[in-house]
Amino acid sequence: MATASTAISHRRSPPKRWNLYVAAVAISLFILIPIYLIAVAAFTPRAVLNGFPKPLLPVAVSTDTMQAFLSSRGVGQSVVNSLLVGIITLVLSTVLGAPAGYALARFAFRGRDSFQLLILMTRAFPIAILAVPLTVTFINWNLYDTLWAVALVHTALALPTTVLITASVFVAVPVDLEEAALTLGCTPIGAFTRVAMPLALPGLAAASIFTFVLSWNEVFASVILTVQNRTLPAQVLTQLDNSPLAYKFAGGFALIVPALIFIFFIRRYLFNMWGRIVR
Amino acid sequence: MSEIRIEGISKTYPGGKASAVTDVTLTVADTEFMVLLGPSGCGKTTLLRMLAGLEYPDSGRIVIGDRDVTELPPRKRGIAMVFQSYAVFPHLTVFENIAFGLRMQKRPAEEVRRRVESSAGLLQLEPYLLRYPAQLSGGQRQRVAVARAIVMEPAVLLMDEPLSNLDALLRLQFRAELKKLVGEVHTTTVYVTHDQVEALSLGDRIAVMREGRIIQVAEPMLVYDRPATEFVGSFIGNPPMNFLRGHAHADNGLANVAIGTQSIKAPASVAEAAEVLVGIRAENLQASTSAPPNGSGSLRAETLVVEPLGSHLLVTAAVEGQVVKVVTRTDFAVQPGTSIWLRPEPDKLRWLRAADGTALGGS
């Protein structure tokens, strides 16, 4: 993907390339400015924050605000909860979704097209409608107010995209490579794990980022399905009304950072796999 | 010993209209280099993939050595395959690519290193062992693919158009190298190509395929010289074999083939068919600009085009309205629009039934 787009931009004439840069800068600013402002606010002393106008530059840096937020009741645990839910969701949706994506990519089976459509149908049910039945079901299963309940719902939400993204990832891995592995002594599973899987890793990483961020941000199901074991967004949301401004900024920052860190670490799989893009 | 016996193999792809391979029977002798040659879609690759175990036949049997491998997966067949697309693993170094199959067999590290280095040496890959495929040229990647196959010391080496992705010069060079290499490793080889020059230059024998069937299996020069059908004659050779349509009739213990107002003598058996094709290669026609003494069996032709091709002239002429290609020496002085006389070398004339294009006896 990356090589294709750079190859095209190299061929572009200079004015068009400028357009591309302007667009890239605009999009980056659109995303970065709010993050920046929240970060500044999160590290500004409470007194300054409550004044007006609010500082646009980090005039007075202090960790008081963040410390106050992180030490307030339930926050630490909810961060851990969110991480756990995100990881469980990531593992479950990959374990379930990647084989389905692989099947979609490699095999021409009966009902393949309808399957592809049906997968998306899970997203057609508004979760608000499912909230009550889900709550009842999870109570019956003794899963209510556990991280598993939230993770299961997040997995259901993430699966369609996981399946479709992994399908497109596996389509991009040439069948020849797996066949070559078969002729060199691999079983079909061996060919998958030794050849298709490593080559698909960048794409799978992209799918998992998507899944993790989806789970990290998801708030509705988390609020409904938990009482004590809140995830961070649920915790922040429920505390939002009766908390000071500083808490909101710190909470917002705390919500953004882990997702950014996760993407930062997994980013190299996206752009730079084995030194070159898989061809 | 790894002779390959293919017995009555047929295969239709699911959803395919016609069968890809129809009732093919072929035996490849131990250490023989067999080329499957045919136009695209003739079933040659399907046949190869069934030998590899990447496809399974609907009916028939495949025996490699003494084992019936018809139902076996690729890894249990003792084969190695070189793919058209190279299929070199991009996430492994050249060394690990070549070592892949040996690692699957859990060979000791020392043996892996020794065998990888030896086959890398055969293909001049030693300087690149630690590189990744993306850092290699197309030709080098193809070398890796070949090294990866021969390092397995397979009973049967399968190659699917291995040269077709290389540029012309590299192809020429690698073709000779491949021929030398395969001669050295002494393994039974089945090689698929649509390039008749490759087939002629590499094969111990050539199996010409068309529409899922094998039409002729013979040594390259025989296929070239005595095509079993009009298709084989026109598919192999550049320019293709000339075919002139004529009427045959018995004449005094021989046969006479009338081409328009002219005629040539033929063996008596040719008169079996009323309508015949006279096949003759461009280089087996001797052209002259003056009428020969009568009775020499020459055909008069109109010169249409003269193309100097460096080593020779390619003359396009018409005999009674039928186009003929002739190869002449470069000093042959002829102008388009003039008449020339073409004398076929008698032992190079081939006779075929016009009705179905099959060769007649006695030719």
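Tutor: In chain B, the centres of domain 1 and domain 2, taken over C-alpha atoms, are separated by 39 Å. Domain 1 of chain B covers 4-235 and domain 2 covers 242-353, bounds that come from an automatic or database domain assignment. This is a predicted model, in which local features need pLDDT of at least 70, side-chain atom pairs count only at pLDDT 80 or more, and totals for chains, interfaces and linings use all residues. Residues are numbered from 1 along each chain as its sequence is written, while chains are lettered from A and ligands numbered from 1 in the order in which they are written.

Student: How many residues of domain 1 of chain B are in contact with domain 2 of chain B?

Tutor: Two residues are in contact if their C-beta atoms, placed from the backbone, lie within 7 Å. Here, four residues of domain 1 of chain B touch five residues of domain 2 of chain B.

Student: Which order do the strands of the open sheet in chain B have?

Tutor: Strands (E, at least two residues) are DSSP runs, numbered from the N terminus, and two of them pair if DSSP finds at least two bridges between them. The six strands run in the order β6-β7-β8-β3-β9-β10 (chain B), with mixed pairing. The edge strands of chain B are β6 (79-82) and β10 (213-218). Within chain B, β7 (residues 156-160) and β8 (residues 188-193) pair in the parallel sense over five bridges, with V156(B) opposite T188(B).

Definitions and conventions: Helix = DSSP H or I, 4+ residues; strand = E, 2+ residues; numbered from the N terminus.
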